Amino acid sequence: MITPNFIEKNVKIWNRKSEIDATPDCLAPKYGQSVYLRNKLKVDFSELLLNSILDLFEKSLNKNLFLQLKTDYSQISIQKYEVGDYIPPHVDNYKWLYNLILTDSKIDGLVLEDKEHSRLHFHEDVYGNVIKVKREHLHWVNPIRDKTRYTAVILCDAEYDNIYDVPGMMRTD
């Protein structure tokens, strides 16, 4: 199990996202991030933590989807949210992005837009759950109220084969 203590021992640097990143008329995110770029230009956490995250993704996803992600990812980042931290509503334009929850909370989690049904869904934090964030779908993290929250995000900027983008291809229980 990847614990907060294990994460902290294996992160070399936390890059703080805050008001410094703000643009005029835009609410800035507030959280810590540690990044592992596959091309090795930026390695903010240990190989041990990287392999532990990949192992947990493998346990949480369909085998074919995991193999595709492991082959194609360009970046994995660990996100750390202290009480009061948040990410404001936004959309991402990555080819694909999956969020792995590394802590539990009944009151904190991720809010995702469901464009097909014109609804918003709150996904409470459950350790090991993987949540797909669809391209150009609104999502955010409300200010954290419970305890420090950790997630791992795996993403890719390259084209992605949508054959795996069908219901039931990832565990969300």
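## Exercises on salt bridges

Asp 44 is buried (under 20% relative accessible area; exposed is over 50%, partly exposed in between; 1.4 Å probe, protein chains only), its relative accessible area being 5%. The structure is a predicted model, in which local features need pLDDT of at least 70, side-chain atom pairs count only at pLDDT 80 or more, and totals for chains, interfaces and linings use all residues. Residues are numbered from 1 along each chain as its sequence is written, and side-chain values use heavy atoms, with hydrogens and water left out.

**Exercise 1.** Determine which residue forms a salt bridge with Asp 44.

*Solution.* A salt bridge is a side-chain nitrogen of Lys or Arg within 4 Å of a carboxyl oxygen of Asp or Glu. The side chain of Lys 42 meets that of Asp 44 at 3.4 Å, N to O. Lys 42 is partly exposed, at 31% relative accessible area.

**Exercise 2.** Locate the salt bridge between Glu 8 and Lys 80 in the chain.

*Solution.* The N to O distance of this pair is 2.8 Å. Glu 8 lies in helix H1 (residues 4-10) and Lys 80 in strand E3 (residues 75-81), 72 residues apart. Helices (H or I, at least four residues) and strands (E, at least two) are DSSP runs, numbered from the N terminus. Glu 8 is partly exposed at 29%, whereas Lys 80 is buried at 14%. Together with Glu 82, these two residues are linked in a network of salt bridges.
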